[in-house]
Amino acid sequence: GFYLCYQPFVSTATGKIIGMEALVRYKDEVYGEVSPGRFVPHLEYHSCFYDLSMWILRRALTDTKELLADNPDFFINVNMSHAQMERETFKHEVVAICDELGFPKKNLQLELTERCRNMNLDYLREQLVFLRDQGIKIALDDFGTGSSTVSLLCELPVTNVKIDQTFVLHILENTNNQVVVDSTVQCAKRLGLSVCMEGVETSEIKDFIGQYSANYHQGYYYSR
């Protein structure tokens with residue numbers, strides 16, 4: 001019952017779609033469409049999680065490759081699960097899948113999720129350095145929440161910061177969120193990182209956050 005949906009990234013400079021994120025969904029005859037908020041927490045502790053995560057990666061690269069002929073700079077974001085990062089062989093499998101499919105590694109960006117960020121920092125850095133040396137980009141997902149701190153931007157070889165939607169959804173009326181978003185974007189830019197703002201759900205939000213000069217946006221305003 002698993003399948004993938006793709007939510008686009010929209011460039012703030014051109015207004016065009018420049019990439020997308022792979023999102024796993026689940027549906028069957030008994031339960032119908034099941035929210036990721038309900039099934040993902042269970043999957044994270046299930047023995048099938050690693051195999052499912054690798055299927056997601058392979059499926060996402062296969063689908064994205066069809067788009068590269070017309071847009072060679074188009075990129076795909078795929079979440080990295082802790083089940084993947086815990087395996088020493090994972091980084092080699094990623095490279096092998098890219099080579100097998102003929103997928104350019106520079107067009108792949110792996111998203112570092114919350115549970116991954118709780119891993120041993122030295123081990124995590126070693127895995128990410130290997131992937132970066134292959135040309136694969138690394139995004140720090142849901143930045144500003146949980147264990148996601150500014151120090152990680154300095155200690156890990158990330159290329160992109162994704163500002164969590166909790167700071168964006170109420171940014172029009174919450175001045176604290178405005179300060180956090182502004183400072184995060186400026187910090188990331190000075191570190192040479194690109195910035196994605198999640199949770200762009202209305203035209204009012206889109207217009208307001210234009211002042212912060214993020215590289216691209218993601219959210220229901222553009223596509224569910």
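How many disulfides does the count come to? In this predicted model, the count comes to zero disulfides. A disulfide is a covalent bond between the sulfur atoms of two cysteines. Cysteine 154 is exposed, with a relative accessible area of 57%, whereas cysteine 98 is buried at 1% relative accessibility.

Salt bridges can be looked at next. Here the count comes to nine. One of them joins the side chains of arginine 58 and glutamate 100, with a distance of 2.9 Å from N to O. Arginine 58 sits in helix α2 (residues 49–68) and glutamate 100 in helix α4 (residues 90–101), so this pair ties together parts that are 42 residues apart in sequence. Arginine 58 is partly exposed, its relative accessible area being 31%, while glutamate 100 is exposed at 54%.

Another salt bridge links the side chains of glutamate 88 and lysine 91, at 2.5 Å from N to O.

Lysine 162 belongs to strand β7 (residues 160–163) and glutamate 111 to strand β5 (residues 108–112), so the pair ties together parts that are 51 residues apart in sequence. Lysine 162 is buried, at 0% relative accessibility, and glutamate 111 is buried as well, at 0%. These two residues take part in a network of salt bridges that links Glu21, Glu111, Lys162 and Glu198.

Finally, the backbone deserves a look. Which value does phi take in aspartate 142? Phi of aspartate 142 is near 50 degrees, a positive value in a residue other than glycine. Aspartate 142 is found in strand β6 (residues 137–143) and is partly exposed, with a relative accessible area of 23%. Serine 213, which is not a glycine either, has a positive phi of about 60 degrees. Serine 213 lies in the loop between α9 (203–209) and β9 (216–217), and serine 213 is partly exposed, with a relative accessible area of 42%.

How values were computed. Residues numbered from 1 in each chain as written. Predicted model: local features only at pLDDT ≥ 70, side-chain atom pairs only at ≥ 80, totals over all residues. Heavy atoms only, no water. Disulfide = S-S within 2.5 Å. Buried < 20%, exposed > 50% of the residue type's maximum accessible area, 1.4 Å probe, protein only. Helix = DSSP H or I, 4+ residues; strand = E, 2+ residues; numbered from the N terminus. Salt bridge = Lys/Arg side-chain N within 4 Å of Asp/Glu carboxyl O.
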